[in-house]
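This briefing is for a reader who is new to the structure shown below.

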Amino acid sequence: MEEVYLDNAATTPISSAVLAELTDRYQHVFGNASTLYGLGRAANQVLEQARHTMATSIHADDEEIVFTSGGTESDNTAIIKTAEARQALGNHLITTAVEHEAVLKSMAYLEERGFRVTYLPVDETGQLSLADLENALDDETILVSIMSVNNEVGTRMPIHEIGERLKNHQAWFHTDAVQAYGLEDIDVKRDHIDMLSTSAHKINGPKLLGFLYRQKDLQFSSYLLGGDQEDKRRAGTENVPAIAGFATAVAALDASERTQRAERFQAFKLQILQQFKKHQIEVKVNGTLDQHTSPHILSLWFQGISTYVLQNNLDLEGIAVSGGSACTAGNLAPSHVLTALFGKQSPRLEESIRLSFGQATTSSEIEIFTTAVIKIIRRLAARRS
Amino acid sequence: MSDKQRVVVGMSGGVDSSVAAYLLKQQGYEVIGVFMKNWDDTDENGVCTATEDYKDVAHVANQLGIPYYSVNFEKEYRERVFNYFLAEYRRGRTPNPDVLCNTEIKYKAFLEYALDLGADYIAMGHYAQLKRDEQGHNHLLRSTDLNKDQTYFLSQLSTDQLDRILFPVGGMTKPEVREIAHEAQLYVADKKDSMGVCFIGPNNFDNFLSEYLPAQPGKMMTFDGEVKGQHQGLMYYTIGQRRGLGIGGDGHDNQPWFVVGKDLAHNVLYVGKGYENPHLYADYLLASGMSWVAGNTMGQDFHCTAKFRYRQRDVGVTVHVDPDGDRVRVDFDEPARAVTPGQALVLYQGAECLGEATIDAAYQHSKKLQYV
């Protein structure tokens, strides 16, 4: 049975180039980057080279990159530590209803501590309205956190417009770019972004690693308490070999590679929908098919087919897709994103799956997927008739 | 695709269903383990429990090298089982939700889901056995382990459902099942047996009930009209119950008190003295909703054995089936104690479980006992 992996928004496999880099660096650059002898200096040099790669990838300065344990820690730090640092200026934060839990739970944490949070709604395509943002902003607003690309339906938020609007407002602008980094053209200067979160394992890098870009004038303290690593902005010994691997992954994603991927992924979407249309499979896209949605995410609603049944059947065929996040008893929790798009009562909440493509995804995998879905849905229809 | 037959096993995280999955794997089936979540016990912090049991399922499934999933039937359970359960309590009866849970959830909603996964069979760790007759109809038989036999709870199933069911541990005793679990070094080999209804343990049952039904305290009386105290709400008491009445013996005979009847209209709980209180004994009962596992093979009037509650020895009965086929009158060979409206009447012919009906009323000398 050929394994088909269509859940790259959840995580991606390590690329062979990254694996080679990791293997080499773990063997040869094991020193602690904060130490003052040869092995430490060697590690420090690799670390700073990697930092430069990261900075260049988003048009930031090297000193603005802080390595973290990934998207969650970056989001937690950006939101909680800046809110604490800026309470004298106001107690209001703005975000959207469709953020990742790492953002939403940070916001909830602050609400419990007296901060006021506005959750901007989205329309049926997952898009927010700039007018809503305008209405929510006030003199008390100290932080706006809006994701670049939604992880469940792929909606691209108007980051440039938000940055423009906020550049003369006291509020800092944070974006969770975990699903955008590596696919989108990110320019923190052009878009007036103050903080940006990334994760290495979404772009074929190692897990438990990422960085937080923080504009150099921002003052706030480390979330973790300990050593003075990362210019006192993130305590804990840097995982230098993994960071070097992350840099290899980032270097592979230059502008031409990003464009190629976007085109390939968009073609996958059309291939899937054409196949379903040809075989008269009823399916609707949650989100849009145009440039307002990231090419690597495709959320589909199969009316009348429960997420459990479709996802489990696909798994039995060796095909991995996402059915949403599971609670600790393994049940799928109703998606807060689909709820924000379609309302609590919508059947889409219980009848949707998400596909997400990555570097390794092939057209033949897509074909195996569509063939399997067609077979499964026909079998179910035959059983019910 | 493999040509193995596919079995979806309902895995609770307990030893019985774990051994069931293990045995099926040994027998060469393609086995899929599925954990069912039928009740939302998510607390105010959004923590959903049932977590430990699911973890155990994952452990055992990984040991066996089989895929495992979790499905949610909370909506179905609430609509098809729990609403009935509450309605019965509102009528002052003592329902048995486990019978309905099997009929509607474990062997219906779950079966449908398993068939959607392309299953040839579903399996559970229930203690019961199947026998196929010459016509190919399945019959439900008691487990080898009569202490563990669960046919009482499976008595509403039909032969069509049984066609798709396997009971891998039904022909074993509990100690044998434990031994297999130990030999196979299954993670849950020493896990304690679970107790109580699908959705609530036995310990806080009254608290649970009070969250859903308003308790109306009222008088506790004897049939002679003597008020003996207050009851907390009729739903908390069942016929024949002794504990929790709060009335002691009165000096000369020191006999304990028992619940002997309920008057729902006047909110009165009747109590009587002595385990063998005559008001507790019925010579026949009426039941309705008669369902036969493999059709009625017995005729309109016949003698067989019956249980009118779980964990009770069979008693001899003569059954008269109403021409409508739905209602039955059951005459006891010997007067029967504490026949309780709402409970399942389950009929047996030797080892075979014939079917089930819900008890509506009990009679003594052609007079309806004052149970509801």
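Among contacts in chain B between residues at least 6 apart in sequence, 65% join residues that are at least 24 apart; two residues are in contact if their C-beta atoms, placed from the backbone, lie within 7 Å. The model is predicted: local features need pLDDT of at least 70, side-chain atom pairs count only at pLDDT 80 or more, and totals for chains, interfaces and linings use all residues. Residues are numbered from 1 along each chain as its sequence is written, while chains are lettered from A and ligands numbered from 1 in the order in which they are written.

**Chain B as a whole**

- Chain B has eight helices and 18 strands; helices (H or I, at least four residues) and strands (E, at least two) are DSSP runs, numbered from the N terminus.
- The radius of gyration of chain B is 22 Å, which agrees with the value near 21 Å that a compact globule of 372 residues would have. This radius is taken over C-alpha atoms, and the globule rule is 2.2 Å times the number of residues to the power 0.38.
- Along the principal axes, the C-alpha atoms of chain B fill a box of roughly 70 × 55 × 35 Å.
- Of the 372 residues in chain B, 43% are buried. A residue is buried if 20 or more other C-beta atoms lie within 10 Å of its own, exposed if 12 or fewer, and partly exposed in between, with C-beta atoms placed from the backbone.

**Annotated positions in chain B**

- An unreviewed UniProt entry places the feature "active site" at Cys101(B) and Cys198(B). UniProt positions are given in the numbering used here, feature names are shortened, and annotations may be inferred rather than shown by experiment.
- Cys101(B) lies in helix α4 (residues 97-116) of chain B.
- Cys101(B) counts as buried because it has 25 C-beta neighbours inside 10 Å.

**Where chain B touches chain A**

- Chain B gives 16 residues to the contact and chain A gives 14 residues.
- On the side of chain B, the elements that give two or more residues are β2 (30-37), α2 (51-64), β3 (68-72) and α4.
- Strand β3(B) gives the most to this side, with four residues.
- By class, the side of chain B that touches chain A has ten nonpolar, four polar and two charged residues. Ala, Val, Leu, Ile, Met, Phe, Trp, Tyr, Cys and Pro count as nonpolar, Asp, Glu, Lys and Arg as charged, and the others, Gly among them, as polar.

**Domains of chain B**

- Chain B is assigned domain 1 (6-183), domain 2 (214-275) and domain 3 (279-368); the bounds come from an automatic or database domain assignment.
- The centres of domain 2 and domain 3 of chain B, taken over C-alpha atoms, are separated by 26 Å.
- Their contact takes eight residues from domain 2 of chain B and five residues from domain 3 of chain B.
- Strand β10 (residues 257-263) of chain B gives the most to the domain 2 side, with three residues.
- That side of domain 2 of chain B divides into four nonpolar, four polar and no charged residues.

**Domains of chain A**

- The assignment for chain A gives domain 1 (16-251) and domain 2 (255-384).
- Between the centres of domain 1 and domain 2 of chain A there are 28 Å, taken over C-alpha atoms.
- In the contact, 19 residues of domain 1 of chain A meet 21 residues of domain 2 of chain A.
- The domain 1 side of this contact in chain A has seven nonpolar, eight polar and four charged residues.

**Helix α8 of chain A**

- Helix α8 (residues 240-251) of chain A has twelve residues.
- Eleven of the twelve residues of α8(A) are buried, so the helix is largely enclosed by the rest of the structure.
- The buried residues of α8(A) include Val240(A), Ile243(A) and Phe246(A).
- Among the elements that cover them are α1 (16-28), α2 (38-57) and β2 (65-68) of chain A.

**Two histidines with positive phi**

- His59(A), although not a glycine, has a positive phi of about 60 degrees.
- His59(A) is in the loop between α2 and β2 of chain A, and it counts as partly exposed, with 15 C-beta neighbours inside 10 Å.
- His365(B) is not a glycine either, and has a positive phi of about 50 degrees.
- His365(B) is in the loop between β17 (352-364) and β18 (367-368) of chain B, and it is exposed, with 8 other C-beta atoms within 10 Å.

Terms used:
The expected span of a helix is 1.5 Å times one less than its number of residues.
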